[in-house]
Amino acid sequence: MEGGGPAVRRRSRSASARKRSRDRAQSRSACSPPARKRPSSGAGEEPQPAPSSPEYNNDSEEDMFGDYDSFSGNDSLLAQVDNMEQECIQSIDLTSCTKNMEDKATVEPAFGYLQLQNAKSKELIFSAAGNITGFRTEEENHLRITSEQENRTLEPGDCFLDDLPSSQLLCFEEMNKTSVDSRKSSEWQHTCLTLESLQQRKNLIYSLPTSGGKTLVAEILILQELLCRQKDVLMVLPYVAIVQEKVWALSSFGIELGFLVEEYAGSKGRFPPIKRRMKKSLYIATIEKGHSLVNSLIETGRIGDLGLVVVDELHMLGEGSRGATLEMILAKILYTSKTTQIIGMSATLNNVGDLQQFLQAEYYTNNFRPVELKEYVKIQDSIYEVDNKAENGLTFSRLLNFKYSSNLQKMDPDHLIALVTEVIPNYSCLVFCPTKKNCENVAEMICKYLNKEYRNHRENEKQDLIKDLKNIGKGSLCPVLKRTIPFGIAYHHSGLTSDERKRIEEAYSAGVLCLLTCTSTLAAGVNLPARRVILRAPYVATEFLKKNQYKQMIGRAGRAGIDSAGESILIVQEKDKHLVRDLVNSPLENCYSNLFLEFTKGIQSLLLSLVGLKIARNPEEIYHFMCGTLFGVQQQFLSKEKSLSAITREALGCLIEKGLLKGKMTSEKEQKSQSNLEITQLGQATYKGSIDLAYCDALYRDLKKGLEGLVLESCLHLLYLTTPYDMTYHCRPDWMIYFRQFSQLNSVEQKVAAIVGVPESFITKKASGQAIKKDVDNCVINRLYLSFVLYALLKETNIWNVSEKFNMSRGYVQNLLNSAASFSSCMLHFCEELEEFWVYKALLTELTKRLTYCVKAELIPLMEVAGVLESRAKQLYDSGYKTLAHLANADPETLVKMIEHLSRHQARQIVSSAKMLLREKAEALQEEVEELLKVPTDTPEGLLTTLP
């Protein structure tokens, strides 16, 4: 088989394995009505065909997303799909549906070169696929597909396109018109989508290099599940920002195709989700919120409503406590639902066999990459190409040809300026740095020695960017960015606020910025490709680079449709030369379970929820469940000293000792006669609130103590209670700032410090440098300090001012705020399970909302819309869009004219997201009304009354 060809690995399974198969339908409907857009009832109801702004498409270096990794992530593609679909809809003759069915043109998959055979087929996309009874107009949404169609099994001869929504067919057609690379991309995508395992609804793991188009396949499967099989879908993504982007991008499809897109990230999400009668939901969730969602569905007996679960970045199974949580999600779904299909995707997988065994899945891989990636290593002034066939893995390529003065050589010993000036300003470049401070230093150093002519490149747009960043900072601008942006350079790391990062990302994608100095987090987050990627050093902070991290970083090199090749250059010192040779030629790291290593967040948390959800009630059933986890698959390798049974029983013993479970543990020989375990009220509150078991006792004590004298004249006391425990370990208070902030509190607020255990005398002595005889709990000290930060934020709603006041980075302050909002939401669920804490429910509901948005009250309705951050919300509010209804009924063209630096694509997405949120809220109220008006079935006959 060729190196770039597909490889499919199938697992043989016994009849007892959890095999997913469905009966073939007896018949198909003759004709399915075409999807139509509703007639316009007001401004913005019907999107108008709009040419892309010149700012976003006028030359090659600005079109950053030509690889079609996601149909929703490409500005130009989405706009074309929208426009094409609109034209098709207008040309459809509904009365000729039956006649057209008889002589319809077929869509033939010629090993990926998908071509609509004639112009007429455009009209038939909506009606020709006889098995798409779920794809219909909103007015016909009440029609349910038959159980035979829902449960049918596709035969190998069936074309998967028969079940694809029109938007996806159009998307494939457009891709095939663009380039040979697109055809090659659709070849593997077609092969993957027509795998027999998928047609039989078996689980699937698939792996391709970064930018290979993995996401598009997942999104096609998601739409197929929502529209054709009429089942809900859960999509699990690693970060809050990516969840918000995906909600923002897919809302327009939900509006047009009649499904709901619901966000589960941070403090957002309803547990359990509303059970929709008429529409299906796409839940887009972070790992943590996805776990809570799955728990709530299992508890309410609705886990079978999930037809499909898609996990992006499946390799995160091996990453600490988040990996343990992801493993819990998948293990519970496998155990409790025999009809839910699991799709996992990643660019960096190695020990796939273990993952296949865990997920009972088949495996597909392909080496396709739309742009060739050339890897280089730079040692002194020599550049070597990575060559696996060479004896030492490296082949000499060239010498750097750049004249360095002695002064410049001292300032730039790694020749970064030479490397970046070969690319910028006409093409883009990313420079990955080991630390946040190094990002800023490198950006400034490069600008210091660049020719002033670089300032002339798109000068006006750079000034607009500076103006926008000033508005975001409410008049403040980072001095480093002020000096670097005129040269088209900026840094990108977690020290920036989310608003700042998003604006910088937009400017880079548009070509206004040509170089970003960034940390490794950018490689795992947003999609920002570049012509050249430079790794400043083979380190992340002080740790040597791992192969997975290296692959993610260099995967950003090369932009499909623009570059003939992408380049990565790893800068290496002589001392690290041998380590780097091993790095570039070594395989990817294996993915290992973290359930055992993350004891309180891992196995103990899992076992507690198993008993609470009644998935398993005694040690024997729990052991049976554990055998089906990734840890169960890898147990002999991960824990050679103890058996899986012994580890399970030890964890259960700890839970009983902590008072989270009650029951009697018997010896292994007596297992058959053992009684069931029961969860305590504290245990129930802990797992439902997703509280780390390491802190559940401390949280209960703090809340109990708060009941004795909760200070409500301000929110400081509540903020102390909602400050996350795990944030205290990274906090190093500045005692002069601590004392200054304490002194500014009124007497009632100062009383809070004494109540929680930090007396005024202690703070005073610490600030003056005096010796302290009495010990005070460091966790309490740090939590109070962080609660001062939160208190200042809620009063000022200005992250810039607060970060300067406490000498903290803006990104850290915002992260603290987001963590507090999320923990406050968890505490609310914790208190709902404990009757003694009823008083906290109303208090925490309001506080969670304030922490989530941390803006003036009038902006909150606008910031509820996915993708609308504070700066954009202020622009919208000032322009007269003051409510969710205003946004949902806005005309995108008018928005573009009224809001500075808003593209047409962004305007359409904001309107779509607002419509989706408004519709979601309205339908939730409608469901509630119908539930209230429903005649109870258990009413005695004599009391039964008929409602009008």
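Start by selecting Lys 268, which touches Glu 263, Lys 289, Tyr 853, Met 863 and Glu 864, leaving out residues up to four places away in sequence. Touching, or contact, means heavy atoms within 4.5 Å. Lys 268 sits in the loop between β6 (260-264) and β7 (281-285). Helices (H or I, at least four residues) and strands (E, at least two) are DSSP runs, numbered from the N terminus.

A word on what you are looking at: this is a predicted model, where local features need pLDDT of at least 70 and side-chain atom pairs count only at pLDDT 80 or more, while totals for chains, interfaces and linings use all residues. Residues are numbered from 1 along each chain as its sequence is written, and side-chain values use heavy atoms, with hydrogens and water left out.

Is Lys 268 buried or exposed? Lys 268 counts as buried because its relative accessibility is 19%; buried means under 20% relative accessible area, exposed over 50%, and partly exposed in between (1.4 Å probe, protein chains only).

A cis peptide bond joins Phe 271 and Pro 272, with omega at about -10°. For another cis bond, go to Ile 424 and Pro 425, where omega is near 5°. Pro 425 lies in the loop between α15 (416-421) and β14 (429-432).

**Two residues with positive phi**

Next, select Ala 541, in the loop between β18 (539-540) and β19 (543-544). Its phi is near 60°, a positive value in a residue other than glycine. Ala 541 counts as partly exposed, at 44% relative accessibility.

Then move to Ser 690, in the loop between α27 (681-688) and α28 (696-709). What is the phi of Ser 690? It is positive, about 55°, although Ser 690 is not a glycine. At 38% relative accessibility, Ser 690 counts as partly exposed.

**Two helix pairs**

Two packed helices are described by the angle between their axes and the distance between the axes. Colour helix α12 (residues 320-336) and helix α24 (residues 619-627): their axes come within 10 Å and cross at roughly 110°. That makes α12 roughly perpendicular to α24. Here, axes are lines fitted to C-alpha atoms, for helices over the stretch in contact, and angles run from 0 to 180 degrees between N-to-C directions. Angles under 35 degrees count as roughly parallel, over 145 as roughly antiparallel, 65 to 115 as roughly perpendicular and the rest as oblique.

The crossing of α12 and α24 is right-handed; a crossing is right-handed if the near helix is turned clockwise from the far one by less than a right angle, and left-handed if anticlockwise. Show the side chains where they meet: Ala 331, Lys 332 and Tyr 335 from α12, against Glu 621, His 624 and Phe 625 from α24. The residues of this contact divide into three nonpolar, one polar and two charged. Ala, Val, Leu, Ile, Met, Phe, Trp, Tyr, Cys and Pro count as nonpolar, Asp, Glu, Lys and Arg as charged, and the others, Gly among them, as polar.

Now colour helix α9 (residues 214-227) and helix α10 (residues 240-257), whose axes come within 13 Å and cross at roughly 35°. The crossing of α9 and α10 is right-handed. Thr 215, Glu 219, Leu 223 and Leu 227 in α9 meet Lys 246, Leu 250 and Leu 257 in α10.

Zoom in on Val 758: not counting residues up to four places away in sequence, Val 758 touches Tyr 738, Ala 753, Ile 763, Val 776, Val 780, Ile 781 and Leu 784.

**Zooming out**

Finally, show the whole protein, with its 41 helices and 22 strands. Buried residues make up 57% of its 948 residues.
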